[in-house]
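Subject: Structure handover

Hello,

Please find the structure below.

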Amino acid sequence: REWPFCLSASTAQVTKPLPPQSPPPPATPLSPPPGEMSSVCRAPRETDFARFPNSAPIVIDNGASTFRIGWAGEAEPRVSFRNIVQRPRHRSSGETVTVVGDTDPALMKYFDCTRTSIRSAFDDDVVYQFEYMEYILDYAFDRLGATSEVGHPILMTECECNPSFSRARMSELLFETYGVPSVAFGIDDVFSYKYNQKLGNCGEDGLAISCEFGTCHVVPFLKGQPVLGACCRTNVGGSHITDFLRQLLSLKYPYHVANFTWEKAEELKKEHCYIAADYMSELQIFKNNKEEAEEKTRYWQLPWVPPPRDEPPSEEELARKAAYKEKAGQRLRDMAAAKRSQKIADLEEKLSGLEDLMEHLDGADELQTTSILGRSGYLSQQEIKSDILKATQSLRKAKGESNGNEENADASGADKYPLVSVPDDMLTPEQLKEKKKQILLKTTTEGKLRAKQRRAEEAALREKQEEERRTENPELYFDELRARYLELSEKVDQRKRQKVNGNNNSSGAVGRGERLNAAQKERMRLLTTAAFDRGKGEDTFGMRDEDWLVYKKMSKENEEDDDGKDDDESELARIASKIQEVDPTFVNKHDAVEPAPDPHKVRPLTADDFKIAIGIERFRCPEVLFQPGMIGVDQAGIDEMVSISLRRLLEDESVKERLCQSILVTGGSSLFPGMIPRLESGIRQFRPYLAPLKLVRAADPILDAWRGAAAFAASSKFGKQTFTLADYREHGESLFHRYNIVYTL
């Protein structure tokens, strides 16, 4: 077998080999850019693999968190790495590589990890993904020093009551892929218990409480052998604590979510988390006792760079900015002058052409005039004169001269509406339509001018009369202005309230009909009833010409209503100005502008904004081991699991008391401070009063499982506990239904 290619000596990384049925491609180095990384070489591995005889067993502690491999009889494993797999792509070559174990950030920058994620071969401490398991074993055997086939017996740890299909697939992988002569499977918790029994930490009869990465187990022992029928398990472990801590910190500090990686949460968990002796009492401390809570709070300072201070610009900087501003302004002025010159030239050219056209028309007869007008696109000489007037005014305006407002104000109607004075028999159908439009516009404009002139005359007369009243009796005149101002102000306010709150609306709801005055409601009534033919049930609206008068009536009332609103507001403003002439301290409330609220000022960020406080999370996250319902797992806690396991034992109370006097706590999650006292107090709640109870932590909760397995593999009885490829082919998967080793050290 050709072993896969490794990327770094400091990290456990390998390329993905092809499946066994197809030949693997030649391993070619993936060279990084020159000058950034020295070279890509094989990771260093053990050099004494060939010195071990083929009968020497290889011991594998296949934990969900960490993979350990070494030789039987040794005190420490040779290789240890995180039991995960990742498959990124190389940025330059595009090749997919397989990364096993922890990654080195200095190397991972050469790979695209956006389309991949960290994978594990485990699901609740059971191996399901054997493709990833093959990657892990490839790397482990390569680091151990194997070259082609392993050729050594294998002792591999597993969880309690491991499914037969998982054992069968693992055996098939070891036999057919790596040429292993024989295999044995053993429970990691049992190996840890037996190793500590050898050290004198626990007795022959007792209980093993294992707090592992993905699960927790309780295994009773009688006469030195595990009673698997009475063991208990819950699917909560150290990984759930890490995920819970990461989730709580992300909710507490949503702006720093990117900093809460899984690896960082794992580090914070190991450094700061502890088990509370009484969870509710600990919560009360953080709620009521601020001083003690502050002592138990830990802080994590994120990287923070103080923002640069804004210093006042120097005189040279101000002069440079002023010069740049003047240069930009001069450039804009030059562009505007060039544009104005071009516009003047275009207008002069247009005006010259129009004057030449008028000269040709003045000396032409009627037939020639019609021909010239047809070619030029004009309808009459009046239209040409109107364009000449407009061009002249535009030219004066462009040159900065007087724009002729007086002349524009006194311009004759013939210049604005040239077709009004032309007889109908001299116009085409299109010109007749245009003439009707001009007549309508002229009539409307003249009507507005007359109304404006009439209002101006009425205002002048009113001013004259008010001046006379003010001269005769100033006090009475001022009181009348006050009364008139209050009357109009209330009228305007009432109209505004109707728009916002409705008219006499006690329910609080605002409807369209409640915001309408009497005239508007009448228009709505006319509009809704116009389509009904006086009760006949037929829609005959529009068949008579008088039906369309309803729109004229509605439009007229609408204009009158709008004019009324404008008149009231303008009159109110006029009266307010009159009052202010007499009383300068008077303030018109309708003209008063509410002060705008101060814009939200953004507080500059400080180092405290990047300080992560870890207080209640320190003991809340590990509490899930005792209360799995906190994370939605409806299972028993580890203290209650002891009671469940004891109830499953078909033994008398004296045996159970003997078991409770030798309880071993192992696994990585047992290293939390306060674990043993909390477990003891929790188990006492399920035991009789004054029943003997003794708990002890394993000598090394993390490595004792591998050390116990190595001691078992080095014993003379190990060969009788293994099975070979021939046994597997003879019995198949049914072999594992009755397969259990006898644990002796």
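Which residues of helix H7 (residues 279–288) are buried? They are Tyr279, Glu282 and Ile285, where buried means under 20% relative accessible area, exposed over 50% and partly exposed in between (1.4 Å probe, protein chains only). Helices (H or I, at least four residues) and strands (E, at least two) are DSSP runs, numbered from the N terminus.

This is a predicted model: local features need pLDDT of at least 70, side-chain atom pairs count only at pLDDT 80 or more, and totals for chains, interfaces and linings use all residues. Residues are numbered from 1 along each chain as its sequence is written, and side-chain values use heavy atoms, with hydrogens and water left out.

Back to H7: seen down its axis, the buried residues fall within an arc of 115°, so they line one face of the helix. The arc is taken from the directions from the helix axis to the C-beta atoms. Met280, Lys287 and Asn288 are exposed on the other side of H7. The cover over its buried residues includes helix H8 (290–296), helix H18 (617–620) and helix H21 (675–684), with contact meaning heavy atoms within 4.5 Å.

The sheet is open and mixed, with 6 strands in the order E4-E3-E2-E11-E12-E21; two strands pair if DSSP finds at least two bridges between them. E4 (79–82) and E21 (723–724) are the edge strands with a single partner each, so one side of each has no neighbour in the sheet. E3 (residues 66–71) pairs with E4 in the antiparallel sense over 4 bridges, and threonine 66 has arginine 82 of E4 as its bridge partner.

Regards
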